[in-house]
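Hi,

Here is the structure I said I would send over.

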Amino acid sequence: MKYVLSIETSCDDTSVAIVNEDRVVSCCLVASQDLVHSPFGGVVPEIASRNHTAQILPLIEQAMTQTQTQWSDLLGVAVTSRPGLVGSLIVGLMTAKTLSLAKGLPFLGVHHIEGHIMAPFLVDGTYQGPNFYDQDFLALVVSGGHTQLYHVEGFGHYQVLGQTIDDAAGEAFDKFAKMLGLPYPGGVEVDKRAALGDPRSFAFPKPLLHDDTYNFSFSGLKSAAQRLIEKMSSAEKSERLNDLCASYQATIVEVLSKKLDRALRATKVKNFVVSGGVSANSGLRKAVEEIAAHHHLNLALPPLRYCTDNAAMIGLAGLLRLQKGETSNQDLAPLPRAAL
Ligand code: KG4
Ligand code: ZN
């Protein structure tokens with residue numbers, strides 16, 4: 001059995017994984033930097049790269065030792081090379097290039113979004129992802145930096161059906177949480193409080209809900225929330241916190257799920273995945289599970305550990321490309337922006 005060692009450092013989480021040829025994750029380690037960035041209410045790029053530098057080698061050592069993997073067991077090293085914070089990407093990329101030279105292994109730069117799209121197909125001790133990645137499927141990728149709906153005609157063939165024209169869905173969650181004084185990253189905090197509130201308490205705008213594209217827009221929603229919150233007293237804000245979170249979350253979930261539903265009906269594609277950090281949201285998970293049940297479609301929804309940034313998803317995307325004979329050269333540069 002051969003393995004891929006994978007590295008993800010595109011934003012603020014340092015992650016290293018080992019994935020085998022059968023898509024099975026032997027180990028996926030994530031060193032979260034949430035506590036470090038939390039006081040700033042968002043990711044500070046310089047601090048993120050410094051932390052990646054400190055974490056990356058110990059994590060690789062731990063992954064190799066814990067799984068008793070030998071360098072000779074590896075097919076190659078996969079690393080996120082685009083898109084992301086350039087100072088963060090460069091740490092993972094330089095590490096992969098150095099390992100490639102030192103150990104005589106091929107390495108491959110992977111697109112972060114391709115990683116997110118592949119996350120639902122991973123397999124581990126408690127999760128068995130399906131294997132329709134080589135067939136036709138739709139993919140809704142919703143994260144802190146991305147909100148895109150793709151038609152995937154088999155692994156590696158992506159057509160954008162729609163995307164956000166301003167903020168990403170995760171960004172809309174994080175900025176709303178910040179307005180309410182909730183800790184960073186805010187999505188999970190809003191999710192927790194939403195479960196205790198009434199989603200019909202406040203009516204927020206639902207941008208582009210009824211237009212005939214598959215595009216999304218969240219900045220108007222964010223501004224409407226800001227205006228509403230500014231008018232509330234501190235006592236009112238804390239008293240209505242759960243209702244505010246429930247209403248705001250329900251609005252985002254409705255826009256995302258209605259557009260996804262419409263795309264599934266229009267394309268008649270039978271399989272779909274929802275991935276990225278926001279796919280951890282309990283309201284969104286429930287809504288897309290209902291869509292799948294209602295139309296009798298196959299849905300692959302990653303377990304929470306593979307929703308947010310992790311190296312296992314990069315390992316799987318890298319594995320499938322390395323198996324096709326693809327490799328990268330030592331002159332590969334990190335790209336802060338790159339279309340899939
Ligand atoms: O995929 P990810 O880890 O990083 C990017 O590639 O951007 O996504 C992080 C985003 C953050 O905006 C975070 O607030 C959001 O995912 N997120 C959530 C939840 N868990 C994480 N948003 C809503 N509900 C959640 N439970
Ligand atoms: Zn991500």
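This is a predicted model: local features need pLDDT of at least 70, side-chain atom pairs count only at pLDDT 80 or more; totals for chains, interfaces and linings use all residues.

**The ligand site**

Ligand 1 has 19 residues around it, and the ones that come nearest are G144, D174, D191, N281 and D309. Sorted by class, that shell holds six nonpolar, 10 polar and three charged residues.

D309 puts a backbone N or O atom 2.9 Å from an oxygen atom of ligand 1. G145 also uses a backbone N or O atom, at 3.1 Å from a ligand 1 oxygen. With H116 it is a polar side-chain atom, sitting 3.2 Å from an oxygen of ligand 1. As for cover, ligand 1 on its own would expose 560 Å², and the protein buries 88% of that.

Where does the shell come from? Both domain 1 (3-127 + 306-323) and domain 2 (133-302) contribute at least three residues each. In terms of helices, α4 (112-118), α5 (169-179) and α6 (186-194) each give at least two residues to the shell.

**The sheet**

There is an open sheet of five strands with mixed pairing, and the strand order is β3-β2-β1-β4-β5. At the edges are β3 (25-31) and β5 (107-111), each of which pairs on one side only. From one strand to the next, the twist averages 20°.

For a closer look at one pair, take β4 (residues 74-82) and β5: they run parallel and are joined by five bridges.

One links R82 to P83, with omega at about -25°; P83 belongs to the loop between β4 and α3 (86-103). Another links Y184 to P185, with omega at about -5°.

Finally, Q68 is not a glycine, yet it has a positive phi of about 50°. You will find Q68 in the loop between α2 (45-66) and β4, the strand that runs parallel to β5.

Cheers

Technical notes: Residues are numbered from 1 along each chain as its sequence is written. Chains are lettered from A and ligands numbered from 1 in the order in which they are written. Side-chain values use heavy atoms; hydrogens and water are left out. A residue is near a molecule or strand if one of its heavy atoms lies within 4 Å of it. A polar contact is a pair of N or O atoms within 3.5 Å; within protein, one must be able to donate a hydrogen and the other to accept it, and residues adjacent in sequence count only if both atoms are side-chain atoms. Accessible areas come from the Shrake-Rupley method with a 1.4 Å probe; for residues, only the protein chains shown count as cover. Helices (H or I, at least four residues) and strands (E, at least two) are DSSP runs, numbered from the N terminus. Ala, Val, Leu, Ile, Met, Phe, Trp, Tyr, Cys and Pro count as nonpolar, Asp, Glu, Lys and Arg as charged, and the others, Gly among them, as polar. Domain bounds come from an automatic or database domain assignment. Two strands pair if DSSP finds at least two bridges between them. Axes are lines fitted to C-alpha atoms, for helices over the stretch in contact, and angles run from 0 to 180 degrees between N-to-C directions.
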